[in-house]
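Subject: Structure handover

Hello,

Here is the structure I said I would pass on. My notes on it follow below.

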Amino acid sequence: ASQRSPSPRIVALGSSRFQNAIIPEIVEKQLELNPGDVSNLSFPAATPQDYLHLYSSNREYFSNVDVLLYEVGEFHFNWSAIADEAAGNMRFRRIADLNGRLTTPGLDNKIDYTLGYFIRVWDSRFIIRQMISNGLRRGFTSSDNTLNLGANGTIGVDPVLSLQEFKSTDTNQLDAFGYLNFEISEYQLAAMSDFLILAQNDGVSVILLSP
């Protein structure tokens with residue numbers, strides 16, 4: 001993103017919905033902005049914890065931003081989007097502090113994530129297991145997976161796959177994912193609140209969008 005847009009004026013932060021839907025070049029042309037004025041930093045399964053982490057870790061990149069488009073979806077504030085995934089949310093395991101881990105629903109989750117806080121190898125067991133499995137199947141080789149960088153400013157978007165990604169496979173898709181075992185996540189709400197305070201202090205206007 002920084003190669004094409006070293007000092008953006010408009011930035012989008014969201015999940016794969018935003019990643020596929022917001023094309024910087026088109027927005028720039030419609031608003032008669034300069035090339036590079038719009039940057040889309042959205043990525044798959046991103047939630048408020050990720051937006052806050054990205055923003056707070058790269059404050060200098062956002063120094064000239066006027067407007068920030070911030071995705072708010074039902075799954076963003078559902079604990080199931082983190083705690084009930086098959087391998088848990090690896091970004092949550094990397095970012096969350098001890099207090100955040102203790103707020104996860106269910107005693108089994110509290111034990112799991114707390115144990116991972118003190119024993120980092122415990123958090124990494126899914127990755128280690130996958131590496132061993134891949135090694136047994138294909139041999140231990142390493143490869144660099146590069147992101148697809150589009151000339152139009154898109155990052156990591158496969159034009160073919162994106163056509164199929166959001167076709168409904170369930171007659172009640174919101175219940176199948178967004179509202180599955182819905183339990184409000186105060187952790188994610190706090191992350192959004194902290195983000196909005198940071199942006200406000202930086203003079204950035206935030207527009208909350210629900211796709």
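I begin with the charged surface. Asp84, Glu85, Asp108 and Glu183 form a negative surface patch. Please keep in mind that this is a predicted model. Is Glu183 exposed or only partly exposed? Its relative accessibility is 41%, so Glu183 counts as partly exposed; the exposed class begins over 50%.

The loop between α10 and α11 also holds Asn181. Asn181 has a relative accessibility of 54% and therefore counts as exposed. Its backbone deserves a note too: the phi of Asn181 is near 50°, a positive value in a residue other than glycine. Most residues other than glycine have a negative phi.

Glu32 also has a positive phi, near 55°, and is a residue other than glycine. Where is Glu32 found? Glu32 belongs to the loop between α2 (24-30) and β2 (38-40). With 74% relative accessibility, Glu32 counts as exposed.

Next, the nonpolar surface. A patch of about 880 Å² is made by Leu115, Tyr117, Phe118, Ile119, Val121, Trp122, Ile128, Ile132 and Leu136. Which helices supply at least two residues each to the nonpolar patch? They are α6 (107-118), α7 (120-123) and α8 (125-138). Tyr117, one of the residues in this patch, is part of helix α6. Tyr117 has a relative accessible area of 35%, so it is partly exposed.

Last, the chain as a whole. The protein chain has 11 helices and 4 strands. Of its 211 residues, 39% are buried. The accessible surface of the protein chain comes to about 12,400 Å², and carbon and sulfur atoms account for 57% of that surface. Among contacts in the protein chain with a separation of 6 or more, 72% are between residues 24 or more positions apart.

Regards

Methods. Residues numbered from 1 in each chain as written. Predicted model: local features only at pLDDT ≥ 70, side-chain atom pairs only at ≥ 80, totals over all residues. Heavy atoms only, no water. Buried < 20%, exposed > 50% of the residue type's maximum accessible area, 1.4 Å probe, protein only. Contact = heavy atoms within 4.5 Å. Areas by Shrake-Rupley, 256 points an atom, 1.4 Å probe, with all protein chains shown as cover. Patch = residues over 30% accessible without salt bridge, like charges linked within 9 Å, V, L, I, M, F, W, Y side chains within 5 Å. Salt bridge = Lys/Arg side-chain N within 4 Å of Asp/Glu carboxyl O. Lys, Arg positive; Asp, Glu negative; His and termini not counted. Charge placed at Lys NZ, Arg CZ, Asp CG, Glu CD.
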